[in-house]
Amino acid sequence: TLIRLRQCFIEYKISNQRNKTHLLNFIKYSTNIPILIISLIIKIKKTDKLTKIWVLASLINSTYSFIWDVNNDWDLKFFQKFIYGKNDHGVLRLKLHYNFKLFYYIAILLDFQFRYIWVLKFSPKYENANLFWNFLSCLYTTEFGLYCLQTIEIFRRWIWVFIKVEVDFINMNPLEYRKDHDSIELDSLKD
């Protein structure tokens, strides 16, 4: 978090404080700091008094990060109507590399679910619960549960990378990008 904060601040300064995107990205990463500090206090002092503040900080961080992923990193127009009051292109952007549009909708849904999976930490525990409910309640209490959460986070980031690389490719090669995906050629692959 601290490395990314520094990077965002340096990029903001390099832009002569004109590119506000770096500043907004700095704010996104800074929303993680209260979560880390409160988690540390809860763990050291073995108290639940700060749980509500932790939940609020986590909600802010998850919401900001989810909107940032979809709107900025993936350049999808999902939140255009809510953020800017306009939406000329529908939910997705005009240029898509993957023909399977459902992939983008699934990616948005999974990113949302995986960003808020921490809510399961507060799910009630039932004595006679079914196997699925027992699995959900053990996510934060067992080694296997923590392994599952870490695997889910890796999968979320894996999906994120596919769409982020696609956006960067389209932005770096706007003239070479064609609607017919078979005609895409990278400079490095040309003869």
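1. A residue counts as buried when its relative accessible area is under 20%, and as exposed when that value is over 50%. Keep these cut-offs in mind for helix α3. The model is predicted.

2. Start with the length of α3. This helix covers residues 32–45, which makes 14 residues. At 1.5 Å a residue, α3 should span 20 Å. Its end C-alpha atoms are 20 Å apart, so the expectation and the model agree.

3. Next, which residues of α3 are buried? They are Ile35, Ile38 and Ile42. Seen down the helix axis, the buried residues of α3 fall within an arc of 75°, so they line one face of the helix.

4. Now turn to the other side of α3. Leu40, Lys43 and Ile44 are exposed there.

5. What covers the buried face? The cover over the buried residues of α3 includes α4, residues 51–73. From α3, the residues in contact are Asn32, Pro34, Ile35, Ile38, Ser39 and Ile42. From α4, they are Thr51, Ile53, Trp54, Ala57, Ser58 and Asn61. Note that Ile35, Ile38 and Ile42 are the buried residues of α3 and also meet α4.

6. Then the packing geometry. Two packed helices are described by the angle between their axes and the distance between the axes. For α3 and α4 the angle is about 155°, and the axes lie 9 Å apart. An angle over 145 degrees counts as roughly antiparallel, so α3 is roughly antiparallel to α4. The crossing of α3 past α4 is left-handed.

7. Last, look just after α3. Lys46 takes a positive phi of about 50° there.

Technical notes: Residues are numbered from 1 along each chain as its sequence is written. This is a predicted model: local features need pLDDT of at least 70, side-chain atom pairs count only at pLDDT 80 or more; totals for chains, interfaces and linings use all residues. Side-chain values use heavy atoms; hydrogens and water are left out. Helices (H or I, at least four residues) and strands (E, at least two) are DSSP runs, numbered from the N terminus. The expected span of a helix is 1.5 Å times one less than its number of residues. Buried means under 20% relative accessible area, exposed over 50%, partly exposed in between (1.4 Å probe, protein chains only). The arc is that of the directions from the helix axis to the C-beta atoms. Contact means heavy atoms within 4.5 Å. Axes are lines fitted to C-alpha atoms, for helices over the stretch in contact, and angles run from 0 to 180 degrees between N-to-C directions. Angles under 35 degrees count as roughly parallel, over 145 as roughly antiparallel, 65 to 115 as roughly perpendicular and the rest as oblique. A crossing is left-handed if the near helix is turned anticlockwise from the far one by less than a right angle, and right-handed if clockwise.
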